[in-house]
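This briefing covers a predicted model, from the overall fold of one chain to the contacts between chains. Please consult the sequence and structure shown here alongside the points that follow.

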There are 2 protein chains.
Amino acid sequence: MSLSAILSRIDDQLPNATERLLEFLRIPSISTDPEYSGACQDAADWLVKDLQSIGIDAQKRETPGHPMVVGHVNEGGTGPHLLFYGHYDVQPVDPIELWTNDPFDPRVEDTAKGQVIRGRGTSDDKGQLMTFVEACRAYRDVNGSLPCRITFFFEGEEESGSPSLVPFMEQHADELRADLALICDTGMFQSKTPAIVTMLRGMVTEELTVTGPDMDLHSGFFGGLAINPIRVLSQILADLHDETGRVTLDGFYDGIPDLTPQMRAQWDGLGFDHASFLGDVGLSVPAGEADRMPLEMIWSRPTAEVNGIWGGYTGAGFKTVLPAKASAKVSFRLVEGQIPDRVRDAFRAHAVARLPADCKISFTAHGGSSAGIMRTDDPAFEAARVALSDEWPQEAAYVGCGGSIPIAGHFGTVLGMNAMLIGFGKDDDAIHSPNEKYDMESFHKGTRSWARILDALCQPKD
Amino acid sequence: MSLSAILSRIDDQLPNATERLLEFLRIPSISTDPEYSGACQDAADWLVKDLQSIGIDAQKRETPGHPMVVGHVNEGGTGPHLLFYGHYDVQPVDPIELWTNDPFDPRVEDTAKGQVIRGRGTSDDKGQLMTFVEACRAYRDVNGSLPCRITFFFEGEEESGSPSLVPFMEQHADELRADLALICDTGMFQSKTPAIVTMLRGMVTEELTVTGPDMDLHSGFFGGLAINPIRVLSQILADLHDETGRVTLDGFYDGIPDLTPQMRAQWDGLGFDHASFLGDVGLSVPAGEADRMPLEMIWSRPTAEVNGIWGGYTGAGFKTVLPAKASAKVSFRLVEGQIPDRVRDAFRAHAVARLPADCKISFTAHGGSSAGIMRTDDPAFEAARVALSDEWPQEAAYVGCGGSIPIAGHFGTVLGMNAMLIGFGKDDDAIHSPNEKYDMESFHKGTRSWARILDALCQPKD
C-alpha cells in the first residue's frame, strides 16, 4: 500500500488514460441544445461503463432532463465517506469557424508551453473529472481496493443551469449524503499555484425580449415615428452600469459583506498580476467598480454581464429594417449575501422601468444559485492542501473563484455537506470558447494529486 | 389614338400582365447577398427580353456589381424625352420562418381587402416597375408606337446602396440624359390618395464592431474584470437619442430648414391619421422628437436607427460567455441640409468617444446619399397630378416620403434632370418584411395611371 507505487502506476498508464479521455471527449454532449440530447445519454453510458470497469457499482439514472450517473464503492478502509462530483456535459461550440480542429475530434498537440489536449470539454469538465477516476483506477490497480467509501455523482446539465440537480439530490438524499464532497471543476491560481477554492460566485441568468411593432418595418417609412426595440434594449443594457462600473440595480449590493482585513491581506499575498491575467486575453484595464482591487472584481464582487444580444438584420450587406423585436441574454454573478430571486426581480424592474408605452417585454429565467462559501475549518482541507503542495512546485493556496459552481452550494443546503473544490485548469484553457484545451500536465499531475489526496484523507486516524 | 382604348386593353390583358409579373418575381434577385448574384443576372436578362418584346432596344450592361438594364425607344411623337427608372433587385427574406409562402413562389391571394400578389419584390420594386412597362405595352398594342421618346433604366443594387449607379450614370451621361425622370418606387398617401413625392430622405448606413478581449471569455472567471464589448456597444447606441427623442450626434441638425408655413398648412390638410398608421403595426405613440408633428418625423426630420445588432451567444439555452466582440448596423435618414459624410463622421466620433481604453472599434460604410427635393414648378408635375386624379377616387397630392430613393437625387446632381416619383404601394405592403404583397388594384390601376400620364405628358403643345 505504497503511494509511490500508485504514482508510478499513474505515470505508466498515462497513454491509456489519455486514450480513454479522448474517447469520452468525442461524444458531443452539449446539454443546452436539444439536438444533442442523444449524445448526453451516450456520455452518461460511457461513464457508467468506465466506472464499472474499476469495480464501481454505477448506474445511469434518468431525470426529466439529461441523466445522472451515480456509482458506489465500499471496499473497506478507514477514511471518510467521500462523494466525488463532476459533469459530463459541455458548452456549445460556436463560433465553430474559429476552431483549429473539430471540437469533438480532440487532439494531443505539442505547443510551446508543452503538450495539450484540445477539444470541447477537455478542461470543462471531462478532463478534470477523469483525473479523479484515473486516480481511483490506479489506486485499485495497485492496492486491489479503494481506500475508503466513495460515491461518484456526475450530472449532464451543469452548462445549462442544472434544472434536475436539486430535485434529484432531494429525492436521493440518503443515497448521496457523505462526509465530504470533492469537486474537480476549478483551476490553478494564475496557472501555477495549486488551489482549493473556498469562495464561489452564484449566478442569475435571464433572457429578455423587447417587442415593439407587430412586424419588421421599413426604417424609411416608419423610422422616426415607430419605436425601435433595439434602441429600447440598448438603453436597458447600457443603464446596468454607472460610469464608475457599479451595477445600478436597486438593492444589488445589499447584504454583501466587505472583505475582512485578514482575507484582504491573504489575497494581497497571492501577488495577483492582473496586468498579465488581462494581458493574456488582449486587455489591460480592470473594468469593474473603480474602487475595488482586481481580485475582488472576479472573486468577491458581483457582476452584470450581457452574454448575447440579437435583433434585426445581422447578415451580409445591409437591410434598412426597423425590427419588431430585440433580445439579450444577461447574467449576474452573485456573492455572499445576495439572494438570486431578489436580483432577478430587480433586473426585471430595471428593464420594465425603461420600457416605453408602446413596447412589450418578456423574460425567461434560465437559472439561479447563491454564492458558495466553504467551511475550511474541516481538517480535511488542510490535509488536502498539504498533499497538493507535495505534488506541485508551489505551495497550495485557498482562493476564491469568480465562476459559479452551484453544486457546491447545493451540497450544503440540500445535504448538509461541506465541499472541497480542487481543479487543475489553467487560465488559458479557453473554456466556453473556441479551441478549449487541457494541459497534459494538468491531466497527469491532476491525477497524481488526487491519489495523494485520497492517501492523505484516508490515513488511519490517531 | 384613344386613351380609352388603351385603358380597355390594360383591363383585358391584366391576367397576362400578372403572369409576366409572377415569372419575374420567381427570380430571387437579392442584391445584398453574394450568393444570389446569379439571380440578379437572371432578373436583368428577363427584363431585357421583356423590353425587347415590346420593341425596345434593350441591353444588359455590366458593372463592377450587378448589371444595369438600359433600353431605348423613339418612335416619334410630340412629347418630352422621358426616362423611366426602377430596380429589379429585392431585399433579403429573413426571418424566413415568418413567411406564409415561399417568398420566391409568389401567389395571387384573395384577402378581406381584395386580391393581392404576395412574395418578395411584389411591391418593392418589381410589381411597381412593371406597371410602367405594362402601360407601354398596352399603348403600343393599341397605337402601334409609343407616344414619345423613352429611355428605360433599371438597376440591381438599389437595396444594397447602389454602389455602381453614380459611376454608370457619369460614364453614360449623354445616353441617359432626358427631359424628365419617372420613378415608380413609392406609395399612395395613407394607402388611398394617389401621390407625387416631392421630398425624399437621404441615408447614411454604417456597420460597426466593438472588440474587447482577443477571444470569447468565461464570464465567471473574467466577468467584472474584463470589459464586455456588448456593454460598450449598448452605451454607444443608447446614447444616440436623448430622452426627448432627439438625436445627440454633434451637429446632426445643422443646416436643416424648418418646415415653411405653407408646407405645414398643406401637410395639416392631408389629415394624416398617425394613430391609424401606427395602429396598423401594433403601435400608438410617436417615437420621434417630442416637439415635432408625426408627418415631420417621417418626412422632414432625420432619424438614427439601429437596423441590426449581434454579439455573444444567441442560440438556444444559455452560454455564460463574455464575448470578444459585438456589432451593429446603424442607419441615419437624412433631410434637406444634411451632408452624408458629416453625419457619418459625427457618428464615428460619437462611438469613438465612448470607447474604453481597452476596446477597439471598426467601421464599415455601406452607403450614403443626400435627401432629394423635387422641382414641382415643372408643368409636367401638374399635368401628371391631374391625370392621376382622373384614375383614382381621390384627388392626387404632392407629399413627402421618409424612405431614401437616392436615384432621385442622382438624376439631379449627375444629369441635371428633375425627377417625378409616382408609385402605388400601400402602407401595409410589408416591404422589407416577411409576407410582402402588392395589391392587385395597385398593379392594375397603377398601369392605367401610367397610360394616362403618358397620354397627358405627350399632348401636343399649344
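A residue is termed buried if 20 or more other C-beta atoms lie within 10 Å of its own, exposed if 12 or fewer do, and partly exposed in between, with C-beta atoms placed from the backbone. By this criterion, buried residues make up 55% of the 462 residues in chain A. The model is predicted, so local features need pLDDT of at least 70 and side-chain atom pairs count only at pLDDT 80 or more, while totals for chains, interfaces and linings use all residues. Residues are numbered from 1 along each chain as its sequence is written, and chains are lettered from A and ligands numbered from 1 in the order in which they are written.

**Overall form of chain A**

- Chain A contains 14 helices and 18 strands; helices (H or I, at least four residues) and strands (E, at least two) are DSSP runs numbered from the N terminus.
- The C-alpha trace of chain A spans about 80 × 50 × 50 Å along its principal axes.
- The radius of gyration of chain A is 23 Å, in agreement with the value near 23 Å for a compact globule of 462 residues; the radius is taken over C-alpha atoms, and the globule rule is 2.2 Å times the number of residues to the power 0.38.
- Of the contacts in chain A with a separation of 6 or more, 78% join residues 24 or more positions apart, two residues being in contact if their C-beta atoms, placed from the backbone, lie within 7 Å.

**Domains of chain A**

- Chain A is divided into domain 1 (3-200 + 372-457) and domain 2 (202-256 + 302-369), with bounds that come from an automatic or database domain assignment.
- The centres of domain 1 and domain 2 of chain A, taken over C-alpha atoms, are 35 Å apart.
- Their contact takes 6 residues from domain 1 of chain A and 8 residues from domain 2 of chain A.

**Interface between chains A and B**

- In chain A, 83 residues are in contact with 83 residues of chain B.
- Strand 11 of chain A supplies the largest share of the side of chain A that touches chain B, 9 residues.
- That side of chain A comprises 36 nonpolar, 35 polar and 12 charged residues; Ala, Val, Leu, Ile, Met, Phe, Trp, Tyr, Cys and Pro count as nonpolar, Asp, Glu, Lys and Arg as charged, and the others, Gly among them, as polar.
- Strand 11 of chain A pairs with strand 11 (residues 303-312) of chain B in the antiparallel sense over 5 bridges, pairing being assigned if DSSP finds at least two bridges.
- Within this pairing, I309(A) has G311(B) as its bridge partner.

**Helix 6 of chain B**

- Helix 6 (residues 229-238) of chain B is mostly covered, with 10 of its 10 residues buried.
- The buried residues of helix 6 of chain B pack against elements of both chains, including helix 7 and strand 11 of chain A and strand 9 (202-211) of chain B.

**Nonpolar core and a partly exposed position**

- L182(A) and L182(B) touch the most other members of the largest nonpolar core, which has 266 residues; such a core is a set of buried Ala, Val, Leu, Ile, Met, Phe, Trp, Tyr and Cys residues joined through C-beta atoms within 7 Å.
- Beyond its neighbours within four places in sequence, L182(B) is in contact with L82(B), L83(B), F84(B), F132(B), M420(B) and I422(B).
- I373(B), in strand 15 (residues 372-373) of chain B, is partly exposed because 17 other C-beta atoms lie within 10 Å.
- Leaving aside neighbours within four places in sequence, I373(B) is in contact with M199(B) and E336(B).
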